[in-house]
Amino acid sequence: MITSHSVEETAAAGSEYGRRAQIGDVFALTGDLGAGKTQFVKGFVAGVGSEAGVTSPTFTLIHEYPGGRCPVYHFDFYRLDSLGAVVRLGFDDYVQGDGICIIEWADRFPELLPESATWIALSATDETARTIGQTSRR
Ligand SMILES: Nc1ncnc2c1ncn2[C@@H]1O[C@H](COP(=O)(O)OP(=O)(O)OP(=O)(O)O)[C@@H](O)[C@H]1O
Ligand SMILES: [Mg+2]
């Protein structure tokens with residue numbers, strides 16, 4: 001586990017994971033509102049080699065970032081109100097597809113995440129400090 005003291009450090013942690021990520025990998029992010037999940041994804045996508053601008057998927061429910069070693073598919077389960085909604089999104093096809101998936105609020109529907117997923121928990125300990133660490137959660 002590491003402690004980040006800034007947005008930049010959180011993005012750098014994401015970038016480390018992004019650099020090592022490979023096609024087929026799935027990253028499940030957990031943490032409260034404002035914990036830094038989206039900032040982590042920004043670094044992650046850059047680490048995969050994409051220069052695409054990262055924002056939270058809201059209306060479209062999924063964002064795809066091209067231009068890196070492989071596509072990155074960014075989900076946010078916070079706004080999805082049922083398991084059926086995630087399934088209808090074609091979530092499984094993305095997980096089994098040609099890219100890397102990274103999911104904010106993955107613990108809302110953990111049953112949809114593959115066994116192989118890497119779970120990463122972010123947590124705010126004060127205004128600018130965030131702990132970031134892998135967990136065994138599933
Ligand atoms: N060390 C830090 N790492 C990341 N974000 C930080 C840090 N310190 C302060 N912040 C602030 O915390 C907020 C994190 O926002 P972010 O959108 O990444 O959270 P989130 O976990 O994605 O929230 P949500 O559940 O709403 O999607 C930003 O406003 C950012 O400026
Ligand atoms: Mg977010």
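1. A polar contact is a pair of N or O atoms within 3.5 Å; within protein, one must be able to donate a hydrogen and the other to accept it, and residues adjacent in sequence count only if both atoms are side-chain atoms. In this predicted model, local features need pLDDT of at least 70 and side-chain atom pairs count only at pLDDT 80 or more, whereas totals for chains, interfaces and linings use all residues. Residues are numbered from 1 along each chain as its sequence is written, chains are lettered from A and ligands numbered from 1 in the order in which they are written, and side-chain values use heavy atoms, without hydrogens and water.

2. Backbone atoms contact ligand 1 at several positions. An oxygen atom of ligand 1 lies 3.0 Å from a backbone N or O atom of Gln39, and an oxygen atom of ligand 1 is 3.2 Å from a polar backbone atom of Ala35. For Ser6, a backbone N or O atom is 3.1 Å from a nitrogen atom of the ligand.

3. On its own, ligand 1 has 640 Å² of accessible area, of which the protein covers 75% (Shrake-Rupley method, 1.4 Å probe).

4. The shell around ligand 1 comprises 18 residues, with Thr10, Lys37, Thr38, Trp105 and Thr128 coming nearest (near: a heavy atom within 4 Å). Helix H2 (37-48) and helix H1 (7-20) each give two or more residues to this shell (helices are DSSP runs of H or I, at least four residues; strands, of E, at least two). H2 gives the most, with three residues.

5. The structure holds nine aromatic pairs (ring centres within 6.5 Å; planes under 30 degrees apart are stacked, over 60 edge-to-face, the rest tilted). The rings of Tyr78 and Trp105 have centres 4.8 Å apart and planes at 40°, so this pair is tilted.

Conventions
Phe/Tyr/Trp six-rings, centres within 6.5 Å; stacked < 30°, edge-to-face > 60°.
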